[in-house]
Amino acid sequence: MFLALRELIFARGRFSLMGGVIALIAVLMVMLSGLSSGLVNDGVSGLKSMPVTTIAFDQGTKTDNAFSRSVIDDQQLNAWRSVEGVAAAAKMGVGMANATTDSGKQIDLTLFGIEPGSFLEPSRSAGTGLGDPDGIVVSSTAKAEGIDLGTVVTLDRIGTKLRVVGFTDGQATFGHVEVAYLPLKTWQLIASGQAAAGAPSAERMSAVSFDTASVVAVQAKPGARLDLAAGDTAAGTTSKSLSAAFNASPGYEAETMTLSMIQVFLYAICALVVGAFFTVWTIQRKHEISVLRAIGASTGYLLRDGLAQAAILLVGFTALGVAAGLGLGAAMPDAMPFALEATPIAIATALTIGLGLIGATVAVVRISRIDPLNALGGQR
Amino acid sequence: MTSSTFPAAGASRADAPQAAGLSIRHAVMELGDGDTRVTALDDVSLDVAPGEFLAIVGPSGSGKSSLLAVAGALASPDSGTVTVNGQDLSQLSQGKRAAFRLSNIGFVFQSGNLIPALTAADQLRLINRLAGGPKTFDPVPLLESVGMAHRATNRPGQLSGGERQRVGIARALVTGAKLLLVDEPTASLDRARSREVVELLARQSHEHGVATIMVTHDHDVLGYCDRIVEMVDGRLGAPAPVR
């Protein structure tokens with residue numbers, strides 16, 4: 001590294017320009033990673049937080065928007081309950097609703113209808129649990145919209161009034177809309193179109209002749225692997241693991257694929273730009289390398305020196321870029337779905353450095369092909 | 001290398017290579033292919049004893065550079081043997097040759113060919129590190145001996161042509177090499193600087209017992225050389241008279 005370090009200092013202008021590009025790529029990496037995590041949270045955090053291993057949709061449901069499109073009944077639920085390895089299974093209703101708070105603010109809600117007291121009931125950061133026909137537990141992020149315990153939201157058009165009785169522990173959103181958990185019976189009342197204006201009463205709920213829901217949420221016993229195909233055959237469903245079911249939520253696949261594509265391109269650009277820089281740099285040094293080889297420097301020493309130089313440049317400026325990206329990320333407006341998570345950022349950092357090094361290696365290997373004989377004679 | 005009875009300078013006219021310095025025996029080397037094939041070395045035999053300063057003169061393309069390449073283990077002759085300090089170079093693998101060059105052969109190239117990023121002192125330190133020399137290596141005495149101690153912290157860009165050449169000579173001596181190969185050291189220097197540089201080479205080779213071969217076009221500096229041979233069409237001619 002004797003030569004590598006001195007060259008970094010000597011050609012600091014050129015290396016800083018290259019480092020600037022690497023740092024900007026790293027900033028973009030962090031931003032994309034944050035946006036990606038943010039969108040995932042915004043899209044499916046309501047699902048992620050559920051203690052569920054498998055979601056069973058009605059057989060033949062179109063995969064996009066399958067949650068609100070699928071319809072399942074008690075027979076399918078019971079079939080899943082008897083599948084080997086299943087700890088619990090419950091019906092779950094999913095629907096979207098526009099609503100207005102009692103202070104006149106318009107909000108969108110994803111209604112998750114669940115059996116009060118079942119394993120699907122979310123852990124709460126405040127308030128009481130589900131039970132009252134008009135009681136809903138909403139995502140803690142809804143507080144930012146001015147919703148508080150006791151706030152009454154009125155569903156648009158049908159005029160059904162629901163009362164906020166609790167907040168979830170952390171973010172629970174689905175399809176970029178805050179989740180409101182409510183009793184399955186109430187959900188069925190609303191979904192069947194039988195809900196009237198005002199708060200739903202226990203009386204009306206028992207009169208409802210509607211026993212279907214959207215999906216069967218299945219929880220496997222710890223360590224058990226479910227035979228999904230057998231369960232599907234018995235129940236007449238199409239089941240997916242929880243993370244595979246994310247794709248069935250609105251826009252999820254399109255968003256994550258777009259971001260993944262941008263990231264893949266960015267990694268490729270990083271490798272190519274670093275490779276191009278070190279190719280030109282090595283060609284510039286061709287004569288001095290031939291002199292060093294003539295004097296007797298081993299190829300291994302020169303290669304190690306060149307790679308160490310690339311590694312110092314990449315690690316230093318990637319760290320700088322990541323730090324800048326984290327700073328920028330912290331200053332993101334709340335309206336932007338943005339979440340800085342350690343694991344994806346660490347992976348992005350490692351990939352930036354790793355792919356940059358691969359690009360540099362391809363360039364630096366040229367050193368081994370430079371002929372020491374070029375040192376003799378006058379050609380420069 | 002273990003022999004203690006090596007012959008004196010110029011005494012080895014037999015085919016046995018001398019133990020110290022450089023011995024080339026019947027070296028033949030052809031370059032190029034087909035119609036462009038030229039004989040760069042045509043049965044060349046040459047001995048240079050320790051402490052001897054030899055100049056090779058000759059027109060362009062006469063094989064001077066090929067002779068340097070062969071003597072410096074940068075190229076192998078098609079036939080014949082090259083022995084440096086008792087080591088037959090043809091016995092060395094590619095990787096061993098580099099290590100051998102590093103510790104046994106010093107090179108001085110045209111216009112110094114120093115590394116642009118390194119100060120004069122660091123040029124010398126790099127070679128010491130490459131050769132695995134002592135960590136306590138101090139480049140200043142060596143720079144002092146070529147009159148460049150005051151320029152130790154300057155990079156090549158801040159040095160004149162003559163100063164670069166002096167640093168280049170100091171660099172070639174770092175590992176205590178006993179064979180110094182010098183390629184057109186005065187190509188980019190004026191007369192006064194040329195004389196100074198060649199005088200320095202002569203002094204270093206005499207003081208340190210280094211066998212030195214200098215390839216040059218510059219007849220002005222031949223007065224400092226112990227022996228001059230002329231090369232024409234790959235053959236070593238009769239020694240030209242010292243002027």
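This is a predicted model: local features need pLDDT of at least 70, side-chain atom pairs count only at pLDDT 80 or more; totals for chains, interfaces and linings use all residues.
## Domains of chain A

Chain A splits into two domains. Domain 1 takes in residues 2–44 and 253–375. Domain 2 spans residues 60–235. The C-alpha centres of domain 1 and domain 2 of chain A are 47 Å apart. Five residues from domain 1 of chain A and six residues from domain 2 of chain A make the contact between them. On the domain 1 side of chain A, the residues that touch domain 2 are one nonpolar, two polar and two charged.

## Helices α2 and α12 of chain A

Helix α2 of chain A covers residues 12–48, and helix α12 of chain A covers residues 342–364. The two pack at an angle of about 150°. Their axes lie 9 Å apart. The crossing of α2(A) and α12(A) is right-handed.

From α2(A), the contact uses A:Ile22, A:Ile25, A:Ala26, A:Met29, A:Val30, A:Ser33, A:Ser36 and A:Ser37. From α12(A), it uses A:Pro344, A:Ile345, A:Ala348, A:Thr352 and A:Gly356. By class, the contact of α2(A) with α12(A) holds eight nonpolar and five polar residues, with no charged ones.

## Leu292 of chain A

A:Leu292 sits in helix α10 of chain A, residues 286–295. A:Leu292 has 25 C-beta neighbours inside 10 Å, so it counts as buried; the cut-off is 20 or more.

Leaving aside residues up to four places away in sequence, A:Leu292 touches A:Ala297 and A:Leu302. A:Pro372 is 80 residues from A:Leu292 along the chain. Even so, the C-alpha atoms of A:Leu292 and A:Pro372 are separated by 7.7 Å.

## Where chain A meets chain B

The contact between the chains takes 20 residues from chain A and 26 residues from chain B. On the chain A side, α1 (2–10) and α10 are the elements that give two or more residues. Of the elements, α1(A) gives the most to this side, with five residues. By class, the side of chain A that touches chain B has 13 nonpolar, four polar and three charged residues.

## Chain B in outline

Chain B has six helices and ten strands. Its length is 243 residues, and 50% of them count as buried. Take the contacts in chain B with a separation of 6 or more. Of these, 69% join residues 24 or more positions apart.

## Helix α5 of chain B and its partners

Helix α5 of chain B, residues 161–172, packs against helix α3 of chain B, residues 120–130. The angle is about 25° and the axes are 9 Å apart. The two helices, α3(B) and α5(B), are therefore roughly parallel to each other; angles under 35 degrees count as such. α3(B) passes α5(B) in a right-handed crossing. B:Ala120, B:Gln123, B:Leu124 and B:Ile127 in α3(B) meet B:Val167, B:Ala170 and B:Arg171 in α5(B). This contact of α3(B) with α5(B) counts five nonpolar residues, one polar and one charged.

α5(B) also packs against helix α6 of chain B, residues 191–208. Here the angle is about 10° and the axes are 10 Å apart. This makes α5(B) roughly parallel to α6(B). α5(B) brings B:Gly161, B:Gly162, B:Gln165, B:Arg166 and B:Ile169 to the contact. α6(B) brings B:Arg193, B:Glu196, B:Val197, B:Leu200, B:Leu201 and B:Gln204. By class, the contact of α5(B) with α6(B) has four nonpolar, four polar and three charged residues.

## Positive phi in chain B

Most residues other than glycine have a negative phi. B:Asp43 has a positive phi of about 50°, although it is not a glycine. B:Asp43 lies in strand β2 of chain B, residues 38–48. With 14 C-beta neighbours inside 10 Å, B:Asp43 counts as partly exposed.

B:Asn85 also has a positive phi, near 50°, and is a residue other than glycine. B:Asn85 lies in the loop between β4 (79–84) and β5 (87–88) of chain B. B:Asn85 has 21 C-beta neighbours inside 10 Å, so it counts as buried.

Definitions and conventions. Residues are numbered from 1 along each chain as its sequence is written. Chains are lettered from A and ligands numbered from 1 in the order in which they are written. Domain bounds come from an automatic or database domain assignment. Two residues are in contact if their C-beta atoms, placed from the backbone, lie within 7 Å. Ala, Val, Leu, Ile, Met, Phe, Trp, Tyr, Cys and Pro count as nonpolar, Asp, Glu, Lys and Arg as charged, and the others, Gly among them, as polar. Axes are lines fitted to C-alpha atoms, for helices over the stretch in contact, and angles run from 0 to 180 degrees between N-to-C directions. Helices (H or I, at least four residues) and strands (E, at least two) are DSSP runs, numbered from the N terminus. Angles under 35 degrees count as roughly parallel, over 145 as roughly antiparallel, 65 to 115 as roughly perpendicular and the rest as oblique. A crossing is left-handed if the near helix is turned anticlockwise from the far one by less than a right angle, and right-handed if clockwise. A residue is buried if 20 or more other C-beta atoms lie within 10 Å of its own, exposed if 12 or fewer, and partly exposed in between; C-beta atoms are placed from the backbone.
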